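Subject: Structure for your review

Dear colleague,

Please find below the structure that I am handing over to you. I would ask you to keep it open while reading the notes that come after it.

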Amino acid sequence: MTPTGAPLPRDRYARPRQIVDRFDVAKQEDDLFYFLLCATNASPPDPRWPLRAQEERYALARYFEYLKYLEKAEWVDLAATGASGTRWRGTVRDGGHAWDIEVILKDAYPAVPPACRIPELMHYTDRKLDDETLGLKICDMHMEQSYWWHEHCSLALYLKREVSYWVQSVVKDMRGKGWLK
Amino acid sequence: MAEVGRYDRLARFAFADFRKLAAKRVAVVGVGGLGALAAEILARAGVGRLALFDYDTLEAANLNRLVYRTSQLGQPKVKALAAHLADANPDAQVDVYPYDVTNGRGYVALMGELDKADLVLGCVDTFAVRLFLNAKCVAAKKPLIDGGANEDGIRGSVHVVIPGKTPCYRCNRPALKQEAVKTDRRDVTGVCAFTSLPTTMAIVASLQCQEAFKVLLKFGRVAPLLLYNGLDGTLERVDWKRDPKCPTCGRRRR
C-alpha cells in the first residue's frame, strides 16, 4: 500500500502468459514455469518492492510444493532472514549431504540475477563471479546464448534452472573423483 | 619559442572543439583492462570530471594490460587509477567509488551519477551488469558506450546506445550470436579466466573513446555497433535497427 492508502500499481501486463510471450526461451518451458514468474518489475529500493517480494514468496512456495509433491525431492529449502525479502538462507541437499546456501537479492535485482553463495562448494566452480557468488557465467556478450535471466524471472526459477543443475553437476563430479561417498 | 599548451594539438582538430570537454562529466563503470585505459584517454583529452566505479582490487593477473603498475598491487583499482590520472592530467577531477554498482552504496552512487553525467562508459565483464547498465541508462536517457573483448582475446566490440536514437544493448540480441559457448573451462581463482591481450584492450578502449568524443562533441557519424576482428584485421560497422518490441527501449514494449 502507498502512504495514502491506495493500492500499489501493478504492471499493465501482469498475466504470466503475456510476460512469457515476450521471451522466446520461455515457450519451451513446462507448466510450473508460469508459476515461477513475477509480474512486477521492481528492485529493492523501489517503492513497489513489497509487491515483488510478495510475488517472489508466492513463486518460491509453488516451487517448494512442486518439489515436495511432484518431484518428491526437496533438494532445497530457503527462508527470508528479514521482512524485506532481500536475503535468504537455507540448505541444499544431494545424496544424503547438506550444505548451507545464502542468496542475496541486490539493489539492482531483478535487472541482475540473484547472488547465490554455497560456501562449502564455491571453490568448485567455473561459474564464480568476482564477488565470489555463483553467476550466470562470467565475462562477455558471447555468453548471451546461455543467458536466460530477465526481469520477470523469480528467485525460485533461478534455483530451478541454475542452482539445481549446478549442485547436481558438482556432486556428480565430486563422486567421480572419490571426494564424496 | 612559443609555449605549447597541454591541449594544443587537440585544439587543432578540425571537426570539433575539444575545449568543450572540460565541461563534460563521464562515468566509467569498471576500470579493468578497458576502463582504465579509456579513463586515461578521456582524462588526457581534457574531460573535466570523471567518476570511476569498480569494487575490485588490483591483482597480478591485471598487470598484463596497460596503465596499472606492480607497485600498486593490492590497492583498490579506482584509487590506483585516480593516482595515475592525477599525474597524467591534473586538470581532470576524479571521483572514485570503490563499490559494487549493483548493490548498496555503489548502486546509490551510480544512480546519483546518472543524473549528472553526460555519458556512461560501460567497461564491465559481466553480461548481467551490461544489461543492468543499459536499462538504467535508457531509463535516465543517458548515452552508454559499452565495450567488450571476446573470450579469445583477439576480437572485440563497441556498442553505442543513445536512448531513443540507436538500438540499446538489448535490442536484436540474436544478431550478435557467434560460435557456441565453450564450457570446458575451469576457474578456481574467481578472476576472469579468459585470455586478455593488451593490444585488443587498447583498440577497443580507443574505439570506445572515439565514439565517446563523437557523442559528447557532436561530430561525425556515430556507429551503433563496431565489431573488431584482430585475426582478420577488420573493423566492421553495423548499422542495425532498434527493436520496437525491445523490453528495455522499444516503443511497443510491455
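This is a predicted model: local features need pLDDT of at least 70, side-chain atom pairs count only at pLDDT 80 or more; totals for chains, interfaces and linings use all residues.

Chain A contains four helices and four strands. Along its sequence, their order is α-α-α-β-β-β-β-α. Of the 181 residues in chain A, 36% are buried. Among the contacts in chain A with a separation of 6 or more, 45% are between residues 24 or more positions apart.

Chain B has six helices and eight strands, arranged along the sequence as α-β-α-β-α-β-α-β-α-β-β-α-β-β. It has 254 residues, and 47% of them are buried. For contacts in chain B between residues at least 6 apart in sequence, 66% join residues at least 24 apart.

Two packed helices are described by the angle between their axes and the distance between the axes. Both descriptions below use these two quantities.

Helix α2 (residues 33–45) of chain B packs with helix α3 (residues 77–88) of chain B: their axes come within 10 Å and cross at roughly 25°. Because of this angle, α2(B) is roughly parallel to α3(B), given that angles under 35 degrees count as such. The crossing of the two helices is right-handed. On the side of α2(B), the contact involves Ala36(B), Ala39(B), Glu40(B), Ala43(B) and Arg44(B), and on the side of α3(B), Leu81(B), Leu85(B) and Ala88(B). Six residues of this contact are nonpolar, two are charged and none is polar.

From α2(B), the residues in contact are Gly33(B), Leu34(B), Leu37(B), Ala38(B), Ile41(B) and Leu42(B). From α6(B), they include Met201(B), Val204(B), Cys209(B) and Ala212(B). By class, the residues of this contact are 11 nonpolar, three polar and no charged.

**Strands of chain B**

How many residues of strand β1 (residues 25–29) of chain B are buried? Four of the five are, so β1(B) is largely enclosed by the rest of the structure. It runs parallel to strand β2 (residues 49–53) of chain B, and five bridges join the two. Within this pair, Val28(B) stands opposite Leu52(B).

In strand β6 (residues 155–161) of chain B, seven of the seven residues are buried, so this strand is also largely enclosed by the rest of the structure.

β6(B) has antiparallel pairings with two strands. With strand β5 (residues 144–149) of chain B, the pairing extends over six bridges, and Gly147(B) stands opposite Val158(B). The hairpin of β5(B) and β6(B) has five residues between the strands, and in this hairpin Gly153(B) takes a positive phi near 80°. With strand β7 (residues 225–229) of chain B, the pairing extends over five bridges, and Arg155(B) stands opposite Asn229(B).

Yours sincerely,
A colleague

Technical notes
Residues are numbered from 1 along each chain as its sequence is written. Chains are lettered from A and ligands numbered from 1 in the order in which they are written. A residue is buried if 20 or more other C-beta atoms lie within 10 Å of its own, exposed if 12 or fewer, and partly exposed in between; C-beta atoms are placed from the backbone. Two residues are in contact if their C-beta atoms, placed from the backbone, lie within 7 Å. Axes are lines fitted to C-alpha atoms, for helices over the stretch in contact, and angles run from 0 to 180 degrees between N-to-C directions. Angles under 35 degrees count as roughly parallel, over 145 as roughly antiparallel, 65 to 115 as roughly perpendicular and the rest as oblique. A crossing is left-handed if the near helix is turned anticlockwise from the far one by less than a right angle, and right-handed if clockwise. Ala, Val, Leu, Ile, Met, Phe, Trp, Tyr, Cys and Pro count as nonpolar, Asp, Glu, Lys and Arg as charged, and the others, Gly among them, as polar. Two strands pair if DSSP finds at least two bridges between them.
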